[in-house]
Amino acid sequence: MVKLFPILLLVGCATGLDGPASEPPLDREYFRCDVQPVLAARCSFPACHGSARRPLSLYAPGRMRYGVNWDRPKEPMTMAELDMNFAVASGFTSASPAGEPLLLAKPLDTSAGGYYHRGADLYTAGDVFMAKDDPGYRMLASWIAGATAPTTCQPVLEVGQ
């Protein structure tokens, strides 16, 4: 047993037990101002991700709401809704086994290197992002890469539809 310890110690050091490099922190203000508007405009429809049945379920004005009565669907996002969207979207930003975060790869058309996304087939209008130069795709990619926004930022209105 004593002779085995030095070998195990060397193997442990050689394999880099420190784990993968940490990803940059996700900025909540950038999410609020630049990512949430993209997700609301492109993903939060009731038949898509505006449903609690989906792993990526999103709240948005005029769509699925949390704690907002049905007679006020256009009321601005609540902090609880924004917090939940930030949390669920953050869960899709880690690199997948193929290397791309699912939040980028799933809505990107397969012809541009994305993964299969059933929404492209269901609605026959193409995928959410047809190319990586789509402004909405770039906003999501920037957030995942660590972009930050000032606390005084204003949510974008145009997301390159």
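Me: By class, how many nonpolar, polar and charged residues does the lining of the largest pocket have?

Reply: Happy to start there, and do keep in mind that this is a predicted model. The largest pocket has a volume of about 630 Å³, and 28 residues line it. Sorted by class, that lining has 18 nonpolar, 5 polar and 5 charged residues.

Me: Which residues that line the largest pocket are the closest to its centre?

Reply: Let's go from the elements to the residues. Helix 2 (28-42), helix 4 (102-105) and helix 5 (118-123) are the elements that give two or more residues to the lining of the largest pocket. Of the 28 lining residues, the closest to the centre are Cys48, His49, His117, Gly119 and Val128.

Me: Which helix gives the most to the lining of the largest pocket?

Reply: Good one to check on the structure above. The chain has 6 helices and 0 strands, and from the N terminus on its elements run α-α-α-α-α-α. With 5 residues, the one that gives the most to this lining is helix 5.

Me: Why does histidine 49 count as buried?

Reply: First, find histidine 49 in the loop between helix 2 and helix 3. To count as buried, a residue must be under 20% relative accessible area. Histidine 49 counts as buried because its relative accessibility is 18%.

Me: Leaving aside neighbours within four places in sequence, which residues is histidine 49 in contact with?

Reply: Histidine 49 sits in a loop, and it is one of the lining residues closest to the centre of the largest pocket. Another residue of that group, His117, is also among its contacts.

Me: Where in the chain is confidence lowest?

Reply: Start with the whole chain, which averages a pLDDT of 83, with 83% of the residues scoring at least 70. Helix 3 (residues 79-90) has the highest confidence, at 96. Over residues 4-17, by contrast, pLDDT stays under 50, and the model has 1 contact beyond four places in sequence for them. Confidence is lowest, at a mean of 43, in helix 1 (residues 4-14).

How values were computed:
Residues are numbered from 1 along each chain as its sequence is written. This is a predicted model: local features need pLDDT of at least 70, side-chain atom pairs count only at pLDDT 80 or more; totals for chains, interfaces and linings use all residues. Side-chain values use heavy atoms; hydrogens and water are left out. pLDDT is the predictor's confidence in each residue, from 0 to 100. Helices (H or I, at least four residues) and strands (E, at least two) are DSSP runs, numbered from the N terminus. Contact means heavy atoms within 4.5 Å. On a 1 Å grid over the protein atoms alone, a cavity is a set of points where a 1.4 Å probe fits but cannot get out, and a pocket is an open set with protein on both sides within 12 Å along at least five of seven lines; lining residues have an atom within 4 Å of a point. Grid points are joined across faces, edges and corners, and a volume is the space filled by probe spheres set on the points. Ala, Val, Leu, Ile, Met, Phe, Trp, Tyr, Cys and Pro count as nonpolar, Asp, Glu, Lys and Arg as charged, and the others, Gly among them, as polar. Buried means under 20% relative accessible area, exposed over 50%, partly exposed in between (1.4 Å probe, protein chains only).
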